[in-house]
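Subject: Structure handover

Hello,

Here is the structure I said I would pass on. Please open it alongside this message, as the notes refer to residues by name and number.

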Amino acid sequence: MSNINHSLKSKRWKYLVLPFCLLTFLPLSAAAQTAEALQDLQRAILMVDATMEHSFTGGTSYRMYDTYNTATKAGSGTADVWPYTAALEAHCSVIEALTILKDEAPQLYADHYDRYVNRLKQLYNALDYYRGTYTLNSYAQIKSWSVYGVHRGGSKGTAAVTGIENVYDDQMWICRELVRAYKLTGDKDYLNKAEYLANYCIDGWDCCLDANGNEYGGISWGPGYNSKHSCSNGPVIQPLVWLSEIYKTDDEQADLRYFYILQDGTRTNEMRRHSDVYLEMARKVYAWQKEKLLNKSTGVYWDMLGAVIGDIQYVGEGRNKYRTHVDSHGPSGTAYTYNSGTMLAGTAELYRVTGEDSYLTDLNDLAKACWRNFAKGRRIDGVTFFEWPTDEKAESGFNTWFDDVLMRAYVDAAPYNTTVYNGKTHAEDVLLSYEQNLNYAFEHHNRDNMLPIHLIDGWGDNDVTKGFHQLAFASEYAMIAVWRQRQAIAAQAIRTLPAERIQTQKTYDLVGRPVVGSSPVRGISIVSGRKVFRR
């Protein structure tokens, strides 16, 4: 395989934008794209397996250490539920990559697919150590919920989840991965739990009405907080769109109870279709976060809206005691990569299912803004690397995983992104930069298939890492493999089309089958021998 730095410098990407489509001349052959994808996937598997060996203990109870010392080979502390979700994510990413590369690497698939599917289910079952049950007086209903607490309990189902002991973003990250797990395996246990968590997050939406009859909107950080954060809104958009698609059928019934507030303050509800509620809520959350938390001067997202009052406020008493709205201050906080990443993924999904131009405009603007704000160029031995925000030490922050969220959003946005930098779309530039950094670290700073958070500079004098970070790196590798193989599929489809098809203005799907009908199809297809994206 060619040296990654050489291959990056030698690639040339060209684009022609037409009124209705984007034509992309693929930079590498199908075989070259697949070879890169397989290397990325193999490294992802090595890293996930190493992390499961070093950062987890207790057999199938899967207690995750908070940190792991690569010098002493010892783990310490217990991770919160948020880092634990990275294990679900990494396994889903490897399964997705194995699936798309199954025909190209049947032995790799045979060696690992069932193993990863089985371990994913074990990790899901052990997630119950973080689960607890409590009754929540929310904005429009009072209900007992069984959700995931911040801290691991001593036995399954006993975790503390009242007040600030559970937060909505944790439920959202879990919901996302469980929808993925269902889509990848067909196991309805994942879908049922994902839907339950989605409904819990929707219940956290501030549906109180202002003087004009409009909902204040936004989801607080948790049921014990009044502050509203990017991280407790943006992450739910993508899984809500996915759930809407899953439930949308020709005979879908209105069997989801939806709660809301009337202008006079009355709490009421009605039965609605799952698909309608989930898509509507995805739109509403996206619109709220864009309005309230987009920094128009930088093009990326603020961290949060602080609350004017810290204590939760209620109206009514007893069985009619409901949470009520608390005003917020203006936007503030650090512009973390993941808060823009969830919105990039969200707008990609909303554009994909609605075709509305406003979402495509937002996608292109945000893809460009994230590149400009977060990627920092650096020359080493004549090679340019683009580094992404990280922390001084592995113990001092979470930027490594934040960057993972942004990267996977670019994978989702890649089919639609048209803004170009140095001859490549911003999505392609970003994904290649991540791959370049990972490869450099894997080849120069690898410790038992674990990488330092400073991918270019190495470990320095700090031997400590987090399984959280290692799983993020592994997931990145696996999702880059998915992205590369999608490129390979398109390249192969172009190469194998019969000459008479290439010479005509006809449309074919990515495996060379003619598209029937006179109306242009949305998405990626082949027109006159080239990969085309139609809006």
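This is a predicted model: local features need pLDDT of at least 70, side-chain atom pairs count only at pLDDT 80 or more; totals for chains, interfaces and linings use all residues.

Aromatic pairs

The structure holds 33 aromatic pairs. One of them joins Trp82 and Phe398, whose ring centres are 4.7 Å apart; the planes stand at 45°, so this pair is classed as tilted. Trp82 belongs to helix α3, which covers residues 81-100, while Phe398 is in the loop between β17 (383-387) and α11 (399-413), so the contact ties together parts that lie 316 residues apart in sequence. The two partners fall into separate accessibility classes under the 20% limit for buried residues. Trp82 is buried, because its relative accessibility is 16%. Phe398 has a relative accessible area of 32% and is therefore partly exposed.

Trp82 also makes an aromatic pair with Trp401. Here the distance is 5.6 Å centre to centre and the angle between the planes is 85°, an edge-to-face arrangement. With Trp82 in helix α3 and Trp401 in helix α11, this pair ties together parts that are 319 residues apart in sequence. Trp401 is buried, at a relative accessible area of 1%.

These residues belong to one aromatic cluster, made up of Trp82, Trp173, Tyr336, Tyr338, Phe398, Trp401, Phe402 and Phe468.

Charges over rings

Two cases can be looked up directly. Arg119 has its charged end over the ring of Tyr116, at 4.9 Å from the ring centre. In the other case, the charged end of Lys193 lies over the ring of Tyr196, and the distance to the ring centre is 5.4 Å.

Salt bridges

The count of salt bridges is 29. Three of them are described here.

Asp128 is bridged to Arg131, and their closest N and O atoms are 3.0 Å apart. Arg131 is partly exposed, since its relative accessibility of 21% is not under the 20% that buried requires.

Glu177 and Arg180 form another salt bridge, with 2.9 Å between the closest N and O atoms. Both residues sit in helix α5 (residues 168-185), and being three residues apart there, they are separated by about one helical turn. Glu177 and Arg180 are both buried.

Asp429 pairs with Lys424, where the closest N and O atoms are 3.4 Å apart. Asp429 is buried at a relative accessible area of 7%, and Lys424 also counts as buried, at 14% relative accessibility.

Some salt bridges share partners, and in this way Glu96, Arg176, Glu177, Arg180 and Arg486 are joined into one network. The bridge between Glu177 and Arg180 was described above.

Helices α5 and α11

Two packed helices are described by the angle between their axes and by the distance between those axes. For α5 and α11, the axes come within 15 Å and cross at roughly 40°. The two helices are therefore oblique to each other, and α5 passes α11 in a left-handed crossing.

If you want a place to begin, select Trp82 and show its two partners described here, Phe398 and Trp401.

Regards

Technical notes
Residues are numbered from 1 along each chain as its sequence is written. Side-chain values use heavy atoms; hydrogens and water are left out. Rings of Phe, Tyr and Trp (its six-membered ring) pair if their centres lie within 6.5 Å; planes under 30 degrees apart count as stacked, over 60 as edge-to-face and the rest as tilted. Helices (H or I, at least four residues) and strands (E, at least two) are DSSP runs, numbered from the N terminus. Buried means under 20% relative accessible area, exposed over 50%, partly exposed in between (1.4 Å probe, protein chains only). A charge sits over a ring if NZ of Lys or CZ of Arg is within 6 Å of the ring centre and within 35 degrees of the ring normal. A salt bridge is a side-chain nitrogen of Lys or Arg within 4 Å of a carboxyl oxygen of Asp or Glu. Axes are lines fitted to C-alpha atoms, for helices over the stretch in contact, and angles run from 0 to 180 degrees between N-to-C directions. Angles under 35 degrees count as roughly parallel, over 145 as roughly antiparallel, 65 to 115 as roughly perpendicular and the rest as oblique. A crossing is left-handed if the near helix is turned anticlockwise from the far one by less than a right angle, and right-handed if clockwise.
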